[in-house]
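Dear colleague,

Please find the structure below, handed over for your own work. A short account of what was found in it comes after.

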Amino acid sequence: MSKTARGNAYPSITLEDKKFVIDGTATTVYSGAVHYWRLDRDKWEDIINKVKSLGFNTISIYMPWEAHEIERGQFDFGQVDPRTDLDAFLTLIDKAGLKTIARPGPQINSEMTWFGYPRRILDDPDLQALNAQGGKAVLTQVPRPIPAVSYAVDKFFEETALWFDAIMPILVKHQYPKGGLVATQVDNEMAYFFHINPYACDFHPASIARFRNFLEEKYETTEAVSKAYGKSIKSFADLDAPRRFEGKSQRDLPRHVDWIEYREKYLVDCLSRLAGMMKERGLDQTPLFHNYPHPLGPGGAASGITAPYNLTELEKHLDFVGFDIYSRKELYSHVRTVVSYVVGTSRFPYIPEFIAGVWPWYLNPGDQNDEGFVTKAALMHGIKGFSRYMLVERDKWMGSPIRRDGRIRKENAVVFAETNAVATKYDFKDFHRQADILLMANRDYDRLEAASELLSFPGDFLESQISMSEYPNAMTVSERTFGFDEPIQLSKTNWFNSFSKVLNEQGYTYLLSDTALAEERMAAYKTICLSSFEFLSPEVQAKLLAFVEKGGTVVLGPKLPHLDTLFAPCDLFKAKVLSAPAKSLAKDGAELATSYKVGSGQVILISDMEKIPSALTVATDDIGVVPLVKNDSRLDLAIHCNPAKDDQLLVYVANPTSEPIEATVGIGKPVKSVKEIWSDKAVSSDAQSWSDSFAPYTIKTYAVGL
């Protein structure tokens with residue numbers, strides 16, 4: 001019996017090497033969302049069979065507390081409304097030979113007026129999250145605004161226990177191997193009800209009390225927190241959360257950054273508590289997971305994939321975590337970033353909600369061509385499983401492949417049927433994204449960016465209409481230097497984007513993660529790239545040092561850190577590096593960077609961002625990291641390998657632009673055969689490269705024989 005990293009053993013299901021393994025066999029999780037309570041019961045069986053006919057092997061189901069509760073503590077599971085007979089619906093799925101993924105909340109969103117809660121929960125002032133001014137934190141959404149719920153309040157979990165007491169026996173009855181239920185989602189898109197802006201939510205007294213407990217656990221003594229904050233603090237009970245960013249000097253920063261770190265812990269602790277409640281009620285034989293909301297908006301994915309999310313920390317309590325993706329073809333770089341981050345960080349790279357149709361108020365709904373392109377983009381960058389949302393149409397949704405009466409909308413369905421067929425034929429589940437380089441977002445600096453937010457912008461479904469975002473970004477973050485040589489909260493994004501741009505343009509194979517990643521996961525790569533300024537946590541400094549001493553290469557810039565995150569002296573990394581043998585990296589007589597030999601590896605310091613392109617080329621040549629071949633920098637390539645088939649690769653090539661491209665590509669070594677698998681057509685090659693024509697927004701996948 002295998003164990004997950006959090007120590008929980010499941011007799012039948014494990015997550016191994018980014019695979020979903022049932023009874024010792026890796027299986028696909030190609031799922032589609034079906035909402036039983038929104039469909040006529042006499043259509044259930046036909047719709048389930050239509051889902052199966054499109055090549056899906058799993059059905060993902062929201063289970064709304066709101067739809068089942070008659071009054072507090074009393075629930076309808078088919079006795080009143082036949083559409084709520086969840087047990088009967090799960091039985092039909094089992095009968096069809098399909099697997100099930102359950103999503104019982106307590107929050108589900110699903111474009112329901114009350115987000116899946118009984119209205120009494122939202123109306124209870126004891127349970128309402130508060131904004132910085134002490135008023136209700138309100139989510140502006142269609143069809144009407146609703147108050148956000150505070151998960152810091154014990155009473156909320158007591159109310160949720162009533163719902164779990166009612167629904168968990170049904171889920172346990174269908175839990176694998178007794179039934180087809182193979183995974184369960186814990187809550188839904190937990191992100192302060194889209195109040196991601198750090199000074200928008202949650203300032204409920206219960207949350208402030210938890211913040212004080214967090215500070216006491218972190219600092220232990222009032223003397224320590226007084227030293228960190230630069231002022232005398234007599235009791236932790238005297239501390240309050242920052243209600244806005246008021247930082248003017250370096251000493252003002254720890255108080256604000258602590259709030260950001262606490263917000264990460266708030267989400268992790270709440271999800272861990274909900275997961276424990278599920279397990280206590282018998283749902284302990286199958287994996288538990290969570291879905292973070294997609295980080296879009298003007299802030300973009302570069303800043304949205306970390307704070308307030310902490311995927312690595314959450315996977316110490318749950319089995320896997322993914323991001324939802326609702327994107328169109330023009331947002332290819334967003335899809336690449338989010339998927340590469342999940343693949344580089346999560347135990348099982350899964351998209352819990354992957355666009356199939358769209359809500360009616362989406363500004364750019366696109367069409368099936370967009371969905372086909374984005375699907376291939378997600379597969380290209382290493383996703384291993386997904387749930388198409390919504391596979392079956394319902395109210396407040398349009399463009400789903402299957403209509404509510406069971407008819408198939410052929411023009412929409414063909415994309416999904418083809419994807420499932422090709423992915424199954426070529427065993428995509430057995431292939432892994434090949435990557436020599438890991439580009440790391442620096443969580444210490446992302447927290448500083450979040451802490452430095454000047455505008456308290458609430459969560460809002462209409463953010464794109466007014467060109468604002470609840471994510472901190474260059475438009476709304478303080479430009480102060482706080483005593484550093486430059487504003488790190490802004491410069492860190494420039495360095496991250498520069499590394500990313502160079503790696504993409506030069507054809508290097510890389511994945512993304514952040515500095516919270518475990519040391520043993522870092523060892524899978526030859527090179528790590530990250531931004532580095534005056535300060536860095538001792539834990540991260542130690543991990544980077546261990547990675548280098550064991551033979552890895554760390555490429556960073558512009559500085560070697562000499563402070564910790566409280567800005568006290570900490571030169572663990574810098575002292576070791578500067579005491580090591582050094583040499584200049586140069587090209588054509590121009591100095592580019594400095595390489596320090598540390599243990600069996602090296603640290604390469606690039607002080608000038610403009611020199612990243614040339615410095616990376618020289619550095620990777622030295623350690624044998626070979627870029628892929630492409631005749632046009634706008635093309636994007638990814639290689640997938642199957643450890644059991646060393647004579648074959650899957651090579652993805654994308655044209656993510658609005659212009660056609662005549663492409664010539666290669667993998668840096670000889671090839672014997674090339675076949676494009678979506679068209680099932682052989683492509684001629686000269687043993688080193690091959691050429692093909694790419695229309696705008698096209699992705700092709702080649703089975704390459706070696």
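This is a predicted model: local features need pLDDT of at least 70, side-chain atom pairs count only at pLDDT 80 or more; totals for chains, interfaces and linings use all residues.

Residues are numbered from 1 along each chain as its sequence is written, and side-chain values use heavy atoms, with hydrogens and water left out.

The largest pocket has a volume of about 1200 Å³. (A pocket is an open set of points on a 1 Å grid over the protein atoms alone, where a 1.4 Å probe fits, with protein on both sides within 12 Å along at least five of seven lines; lining residues have an atom within 4 Å of a point. Points are joined across faces, edges and corners, and the volume is the space filled by probe spheres set on them.) Its lining comprises 39 residues, and N310, E313, K316, R447 and A516 lie nearest the centre. Helix α8 supplies the largest share of that lining, 8 residues. By class, the lining holds 14 nonpolar, 7 polar and 18 charged residues (Asp, Glu, Lys and Arg count as charged; Ala, Val, Leu, Ile, Met, Phe, Trp, Tyr, Cys and Pro as nonpolar; the others, Gly among them, as polar).

Six strands form an open antiparallel sheet in the order β16-β25-β26-β31-β28-β29 (strands are DSSP runs of E, at least two residues, and helices runs of H or I, at least four, numbered from the N terminus; two strands pair if DSSP finds at least two bridges between them). Strands β16 and β29 stand at the edges with a single partner each, so one side of each has no neighbour in the sheet. In the pairing of β28 with β29, over 2 bridges, K675 stands opposite A682.

Finally, K583 lies in strand β21 and, at 47% relative accessibility, counts as partly exposed. K583 and T594 are 11 residues apart in sequence and 5.8 Å apart in space, C-alpha to C-alpha.

Yours sincerely

Definitions and conventions
Buried means under 20% relative accessible area, exposed over 50%, partly exposed in between (1.4 Å probe, protein chains only).
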